[in-house]
Amino acid sequence: MINCVLPRVPSLLLAIGIATALGACNPIAPGGEAAPVLAAPAGAVVVPVAPDAAPTDLALARKHFAAGHYGLAELHFQRSVESPDATAEGWLGLAASYDQLRRYDLADRAYAKALSVGGRTAAYLNNHGYSRMNRKDYRAASQELSAALAQDPENAQIMANLAELDLRVRGPR
């Protein structure tokens, strides 16, 4: 615990200081109502930001997932799939986030939606196979990861998942 010693300030001065600080944040009009606060000081140049410049939920979801913030990734993937232009990538990301959060019931729903939107792509098979591996359904994991590798034989992630599956099933060599 850190001990903090504050100088003794007469309470009237302290009250005036707090009132001044708060008054600067939210000015009060003479009638007791909050006065409008200007967005920028006079003379400041305000440059509007184009809506396209803001990161999309899908981009934020990818960023959070890569950082291991699976709860935030789930939130943004969920928002991305609720939009009219939802993609299979959004559904796969949502399913993978649920996998990481060990919410396999919700992951299964998201995988089903990803399958209906995007089909049995290598990405779908890889993610779903990894999900099966995490649930210790090694036979289904092997089938899906092998099918993914057949579609995309140069994919390092699929090869790494197959190697991890082999390690889990056979143990270290």
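Helices (H or I, at least four residues) and strands (E, at least two) are taken as DSSP runs and numbered from the N terminus. The model is predicted, so that local features require pLDDT of at least 70 and side-chain atom pairs count only at pLDDT 80 or more, whereas totals for chains, interfaces and linings use all residues. Residues are numbered from 1 along each chain as its sequence is written, and side-chain values use heavy atoms, with hydrogens and water left out.

Helix α4 spans residues 88-100 and helix α5 residues 104-118; their axes come within 8 Å and cross at roughly 165 degrees (axes being lines fitted to C-alpha atoms, for helices over the stretch in contact, with angles from 0 to 180 degrees between N-to-C directions). This makes α4 roughly antiparallel to α5 (angles over 145 degrees). The crossing of α4 and α5 is left-handed, the near helix being turned anticlockwise from the far one by less than a right angle. In contact (heavy atoms within 4.5 Å), α4 residues including W91, L92 and Y98 meet α5 residues including Y104, L106 and K113. By class, this contact of α4 with α5 has 14 nonpolar, one polar and two charged residues (Ala, Val, Leu, Ile, Met, Phe, Trp, Tyr, Cys and Pro count as nonpolar, Asp, Glu, Lys and Arg as charged, and the others, Gly among them, as polar).

The axes of α5 and helix α6 (residues 122-134) come within 11 Å and cross at roughly 160 degrees. The two helices, α5 and α6, are therefore roughly antiparallel to each other, and α5 passes α6 in a left-handed crossing. Y104, D108, Y111, A114 and L115 in α5 meet Y124, N127, H128, S131, R132 and N134 in α6. By class, the contact of α5 with α6 comprises five nonpolar, four polar and two charged residues.

Key:
Parallel < 35°, antiparallel > 145°, perpendicular 65-115°, else oblique.
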